[in-house]
Amino acid sequence: MRFNGNFTFYGSIYNNTERADAVLNSGKTLVVDAMDDVDIDDESDEEDMEGASGGEEIKDMAELVFDKHTDAVFSVSIDPQTCDLAVTGGQDDKAYVWKLSTGEVVFECTGHKDSVTCTGFSHDGVYVATADLSGLVIVWKVATKELVFTFECSDAEWMKWHPASHVLFLGTVDGDVWMWKIPSGDCKTLQSHGCTASCGVVLADGKRMCVGYDDGSIKLWDLKSGTVQHTVTGNLAHKSTVLSLDVNPLNNLIISGSTDVTAKVINGATAKVLATFDCSSPGAEENSVEAVGFSPTHAFAATGTVAGVLSIWDTNTQICRHRCPHDAGIVSLQWDKLSPLVYTSCLDGAVRLWNARNGELTSTWTGHKDSILGFDISKDGNWLVTVSEDKTARVFSLSSPDR
């Protein structure tokens with residue numbers, strides 16, 4: 001199992017009948033072991049007061065706790081228009097659209113019969129999409145709560161909306177990437193070359209898509225023709241699964257992270273590999289680059305690893321400026337839109353904010369009693385929403401002087 005933007009899976013996966021905990025496992029990034037014969041007794045309530053880091057009482061800093069899910073919550077997305085609606089999906093086969101301000105459920109995205117691992121609003125908030133492990137995709141019109149599109153394909157790995165149009169993408173375990181116009185359902189497929197399409201991102205021009213694969217290769221696709229423009233393969237490619245991708249809208253650069261514990265900076269026009277960053281940590285038994293991202297304000301890139309290290313890289317000099325150690329593995333990261341600050345979410349149930357200029361920790365948000373599996377930040381920068389193995393989503397206020 002791996003974590004990346006929308007919560008997606010690699011290797012072993014959750015299923016409907018298993019209760020599971022995220023643990024590290026060699027050869028894959030984050031996997032799930034089923035917990036058989038778990039005893040539930042009166043001590044469980046006391047244990048719930050302890051944090052994912054073990055034993056310490058956790059201060060709950062959340063403004064609101066959304067607790068309608070009955071199992072682990074995998075995915076969250078905030079409506080970019082109102083900044084007051086969130087959609088969450090979980091292992092209980094449920095997805096809900098709800099209000100950040102009150103926790104009120106606006107509507108349930110019904111129809112799923114497997115864990116809902118991908119959720120997202122379109123760029124203008126008109127539509128909301130959900131996808132489950134089995135590959136069932138459902139799209140709703142938010143204003144009318146009307147189901148407008150449904151499709152079932154092979155097992156889902158990740159889902160993305162086009163950043164400027166009503167086009168939805170879904171990457172699959174069999175390696176195909178599906179592309180639909182919503183609500184018409186007009187469809188194209190970016191064909192597999194025989195291995196899982198593990199992650200994808202639309203480039204800044206909106207006309208091309210970068211897709212990373214299980215064999216370490218990366219392809220740049222032309223969306224209009226559905227053909228490959230460039231491929232990063234062979235000695236230039238990652239040695240194993242590409243887990244994460246991001247694109248810099250200012251200079252057409254792409255960054256990728258992999259289970260080979262490296263990140264690569266790639267020219268988005270030519271697919272030339274410009275740099276390879278070594279993200280390894282001495283002594284770490286298990287490691288991989290789970291999350292990558294470009295700063296929108298500075299020439300910085302960030303990488304986050306299972307070993308719990310956030311690295312800040314200067315993309316001009318290709319030098320690592322800072323290495324910021326965490327108490328647990330990093331699940332995902334996201335840059336602040338207005339300043340050189342980067343958020344990280346971790347398996348210890350905390351979100352941290354780091355200053356990329358000096359590498360210092362500036363803020364920490366706590367409240368979850370188990371691993372954080374994903375997070376999103378509202379477009380207005382006021383709200384942070386996290387989802388967790390503890391069956392909750394939590395809303396934190398970012399309107400503070402230290403942000």
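Modeller: Two strands pair if DSSP finds at least two bridges between them. Keep that in mind for this predicted model.

Colleague: What makes β13 and β14 a pair?

Modeller: Five bridges join β13 to strand β14 (residues 177–181). The cut-off is at least two, so the strands pair. They run antiparallel. Glycine 171 stands opposite valine 177 in β14. Four residues lie between the two strands in this hairpin, and glycine 175 there takes a positive phi near 100°.

Colleague: How do you know that β12 pairs with β13?

Modeller: By the same rule: at least two bridges are needed, and β12 (residues 156–161) has five with β13, in the antiparallel sense. Tryptophan 161 stands opposite leucine 168 in β13. A hairpin of five residues joins β12 to β13.

Colleague: Why is the pair of phenylalanine 107 and tryptophan 140 called tilted?

Modeller: The structure holds 12 aromatic pairs. In this one, the ring centres are 5.8 Å apart, and the limit is within 6.5 Å, so the rings pair. The planes meet at 50°. Stacked needs under 30 degrees and edge-to-face over 60, so this pair is tilted. Phenylalanine 107 lies in β7 and tryptophan 140 in β10, so the pair ties together parts 33 residues apart in sequence. Both residues are buried.

Colleague: What makes lysine 219 count as lying over the face of tyrosine 213?

Modeller: Lysine 219 is at 5.4 Å from the ring centre. The distance cut-off is within 6 Å, and NZ must also be within 35 degrees of the ring normal. Lysine 219 does lie over the face of tyrosine 213.

Definitions and conventions: Residues are numbered from 1 along each chain as its sequence is written. This is a predicted model: local features need pLDDT of at least 70, side-chain atom pairs count only at pLDDT 80 or more; totals for chains, interfaces and linings use all residues. Side-chain values use heavy atoms; hydrogens and water are left out. Rings of Phe, Tyr and Trp (its six-membered ring) pair if their centres lie within 6.5 Å; planes under 30 degrees apart count as stacked, over 60 as edge-to-face and the rest as tilted. Buried means under 20% relative accessible area, exposed over 50%, partly exposed in between (1.4 Å probe, protein chains only).
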